[in-house]
Amino acid sequence: MPDLRTERLVLRSWRPSDRAPWAAMNADPEVREHLGDLLTREQSDACAADFQACLDERGWGWWAVEVTGTGEFIGFAGLDPVEDDMAFGGVEAGWRLARSAWGHGYATEAARAVVAHAFDEKGPGLEEVLAITTATNLRSQAVMQRLGMTYDPDKDFDDLTVPEGPLRRNVVYGIRADAWI
């Protein structure tokens with residue numbers, strides 16, 4: 001499975017050295033603000049193992065993201081099929097970065113590489129890519145808009161696995177291959 005490369009980033013397979021900074025991200029209340037509960041080290045390690053298993057199996061999924069110039073692990077970005085119990089289907093693009101990586105344009109850069117790969121015939125060759133976040137996560141919605149995605153209010157939903165509150169309502173953006181720039 002080849003890496004995805006941008007001007008400043010490498011999206012690659014997960015390494016054992018990613019586990020500690022990944023766990024630190026998942027234990028950071030600001031990083032998890034729109035995601036729910038903090039994760040333990042064991043939960044974090046299990047996620048990373050699952051992400052790598054999907055990459056190995058499909059050739060796409062949630063890649064680890066590192067800064068090219070330093071080799072620093074800063075988070076993940078990638079693609080994943082929408083959960084089976086959703087009212088709509090498709091493939092979702094997503095990203096999560098360590099707080100130290102915020103404000104540098106890395107999320108948009110990584111997400112752009114992921115969406116381009118999704119539409120590439122050498123990748124999954126998808127017709128559409130979705131992005132889902134909580135209604136309160138304006139930073140992620142801004143990334144979606146910078147990617148040229150459009151908001152689809154007909155797909156908004158309440159995540160009933162989440163307690164009543166600001167994390168329950170979710171919004172959905174999308175872009176079709178023929179609209180990708």
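Helix 1 spans residues 19–26, and its buried residues are Trp22, Ala23, Met25 and Asn26. Buried means under 20% relative accessible area, exposed over 50%, and partly exposed in between, with a 1.4 Å probe and protein chains only. Helices (H or I, at least four residues) and strands (E, at least two) are DSSP runs, numbered from the N terminus. Down the axis of helix 1, the buried residues fall within an arc of 155°, so they line one face of the helix. The arc is that of the directions from the helix axis to the C-beta atoms.

This is a predicted model: local features need pLDDT of at least 70, side-chain atom pairs count only at pLDDT 80 or more, and totals for chains, interfaces and linings use all residues. Residues are numbered from 1 along each chain as its sequence is written, and side-chain values use heavy atoms, leaving out hydrogens and water.

Helix 2 has 18 residues. From first C-alpha to last it reaches 26 Å, close to the 26 Å expected at 1.5 Å a residue; the expected span is 1.5 Å times one less than the number of residues. An α-helix has 3.6 residues a turn, so residues three or four places apart point the same way. Just after helix 2, glycine 59 takes a positive phi of about 90°.

| Helix | Buried residues | Packing partners |
|---|---|---|
| Helix 1 (19–26) | Trp22, Ala23, Met25, Asn26 | helix 2 (41–58), strand 4 (73–81), strand 5 (91–97) |

Arginine 168 sits in the loop between strand 8 (157–158) and strand 9 (169–176). At 17% relative accessibility, arginine 168 counts as buried. Beyond its neighbours within four places in sequence, arginine 168 contacts Phe157, Asp158, Asp159, Leu160, Val162 and Pro163.

Definitions and conventions:
Contact = heavy atoms within 4.5 Å.
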